[in-house]
Amino acid sequence: MTTNPPTTFATIETARLRLELAAPEHAQALAAFMRANDAHFARWDPPRPAGFHTAEYWHTQGERSIAEYRAGSAARLVMSSRYDGALVGRINLTQIFRGPFQSCALGYQIDEAHQGRGLMTEGLKAAITFAFAKLKLHRLQAAYITTNERSARLLERLGFTKLGISDDYLFIDGAWRDHVITALINKDFDEAWLQHP
Ligand SMILES: CC(C)(COP(=O)(O)OP(=O)(O)OC[C@H]1O[C@@H](n2cnc3c(N)ncnc32)[C@H](O)[C@@H]1OP(=O)(O)O)[C@@H](O)C(=O)NCCC(=O)NCCS
């Protein structure tokens with residue numbers, strides 16, 4: 001069973017942000033974003049593949065992002081400032097499962113210079129609305145390393161429920177790390193959405 005997710009992505013605008021599907025045209029900006037935030041993200045990132053800081057790598061990832069979105073398996077979004085167009089963050093809705101689960105994994109990161117301004121809260125509110133109303137998902141799951149206090153505050157602010165701690169959950173920054181698993185349920189999920197072919 002699937003729920004007929006949209007195959008084209010309409011840009012989402014919030015008060016300060018523009019959310020678009022990651023695409024090859026974002027390659028230069030994404031490579032620059034990763035280079036600028038190398039140390040900022042290192043503590044929370046899985047091992048970086050070869051070429052991770054190059055535009056070529058992000059061009060390929062942009063192609064993958066579009067293919068995955070069309071296939072209904074992921075929505076990888078880039079977040080830009082409506083003020084000056086600068087790419088300030090990423091929000092990834094991945095591992096989209098349908099059937100009786102209707103769930104996906106949520107990941108996010110913001111440019112260090114834009115931290116602490118409520119921008120990720122603003123972007124995630126829009127992404128959650130999109131995931132629930134347009135992708136018609138029932139559940140979002142997010143996991144953070146037990147010491148990631150900013151991520152913990154962010155998810156709490158957005159209403160995610162803590163489900164527990166999963167030991168050695170992900171290989172991050174050179175070791176298997178314990179993670180807090182959280183989830184947010186779509187209270188407006190319509191069971192008729194389960195009936196689409
Ligand atoms: C996790 C992460 C996205 C959180 O970013 P953030 O900037 O703290 O989150 P927000 O954009 O929602 O900002 C919230 C902060 O802005 C403040 N703020 C300022 N203006 C605000 C506004 N207009 N609205 C809401 N909050 C505002 C809040 O008080 C809050 O500050 P506090 O955390 O000191 O209480 C960021 O730290 C990050 O990218 N870290 C590295 C990657 C990472 O850890 N990813 C997640 C892995 S699980």
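Student: Is Met 120 buried or exposed?
Tutor: Met 120 is buried, because its relative accessible area is 8% and the cut-off for buried is under 20%. Keep in mind that this is a predicted model.

Student: Okay. Where does Met 120 sit?
Tutor: Met 120 is in helix α4.

Student: And what does Met 120 touch, leaving out residues up to four places away in sequence?
Tutor: Its contacts there are Met 79, Arg 90, Ile 91, Tyr 108, Gln 109, Ile 110 and Leu 154.

Student: What about Arg 64? How far apart are the C-alpha atoms of Met 120 and Arg 64?
Tutor: Those C-alpha atoms are separated by 24 Å. Along the chain, Met 120 and Arg 64 are 56 residues apart.

Student: How many residues of α4 are buried?
Tutor: 12 of the 16 are buried, so α4 is largely enclosed by the rest of the structure.

Student: Which residues of α4 are buried?
Tutor: They include Leu 119, Met 120, Thr 121, Glu 122, Gly 123 and Leu 124. Also among them are Ala 126, Ala 127, Ile 128, Phe 130, Ala 131 and Phe 132.

Student: Why do residues three or four places apart point the same way in an α-helix?
Tutor: Because an α-helix has 3.6 residues a turn.

Student: Let's look at other positive phi values. What is phi for Gln 95?
Tutor: Gln 95 has a positive phi of about 50°, although it is not a glycine. Gln 95 lies in strand β4, residues 87-97. It is exposed, with a relative accessible area of 52%.

Student: And what is phi of Asp 168?
Tutor: Phi of Asp 168 is near 45°. That is a positive value in a residue other than glycine. Asp 168 belongs to strand β7, residues 161-172. It is partly exposed, at a relative accessible area of 47%.

Student: New topic. Where is Thr 14?
Tutor: Thr 14 is in the loop between β1 (12-13) and β2 (17-21).

Student: Buried or exposed, that Thr 14?
Tutor: Thr 14 is buried, with a relative accessible area of 13%. Leaving aside neighbours within four places in sequence, it is in contact with Arg 82, Glu 122 and Ala 126. Glu 122 and Ala 126 are among the buried residues of α4.

Student: What comes before β1? Where is Ala 10, say?
Tutor: Ala 10 lies in the segment before β1. At 60% relative accessibility, Ala 10 counts as exposed.

Student: What about Arg 48? Which loop is it in?
Tutor: Arg 48 is in the loop between α2 (38-42) and α3 (55-71). It counts as partly exposed, at 28% relative accessibility.

Student: What does Arg 48 touch, not counting residues up to four places away in sequence?
Tutor: Arg 48 touches Asp 38, Phe 41, Ala 42 and His 53. The C-alpha atoms of Arg 48 and Tyr 108 are separated by 16 Å.

Student: Now zoom out. How many helices and strands are there in the protein?
Tutor: There are 5 helices and 8 strands. Along the sequence the pattern is β-β-α-α-α-β-β-β-α-β-α-β-β. The radius of gyration is 16 Å, close to the 16 Å that the globule rule gives for 197 residues, so the protein is as compact as a globular protein of that length.

Student: What box do the C-alpha atoms fill?
Tutor: Roughly 45 × 35 × 35 Å, taken along the principal axes.

Student: How much of the protein counts as buried?
Tutor: Of its 197 residues, 48% count as buried. The protein exposes about 10,200 Å². Carbon and sulfur atoms supply 52% of that.

Student: Last one: how far apart are the mean positions of the positive and negative charges?
Tutor: They are 4 Å apart, for 22 positive and 21 negative charges.

Methods
Residues are numbered from 1 along each chain as its sequence is written. This is a predicted model: local features need pLDDT of at least 70, side-chain atom pairs count only at pLDDT 80 or more; totals for chains, interfaces and linings use all residues. Side-chain values use heavy atoms; hydrogens and water are left out. Helices (H or I, at least four residues) and strands (E, at least two) are DSSP runs, numbered from the N terminus. Buried means under 20% relative accessible area, exposed over 50%, partly exposed in between (1.4 Å probe, protein chains only). Contact means heavy atoms within 4.5 Å. The radius of gyration is taken over C-alpha atoms; the globule rule is 2.2 Å times the number of residues to the power 0.38. Accessible areas come from the Shrake-Rupley method with a 1.4 Å probe; for residues, only the protein chains shown count as cover. Lys and Arg count as positive and Asp and Glu as negative; His and the chain ends are not counted. The place of a charge is taken as NZ of Lys, CZ of Arg, CG of Asp or CD of Glu.
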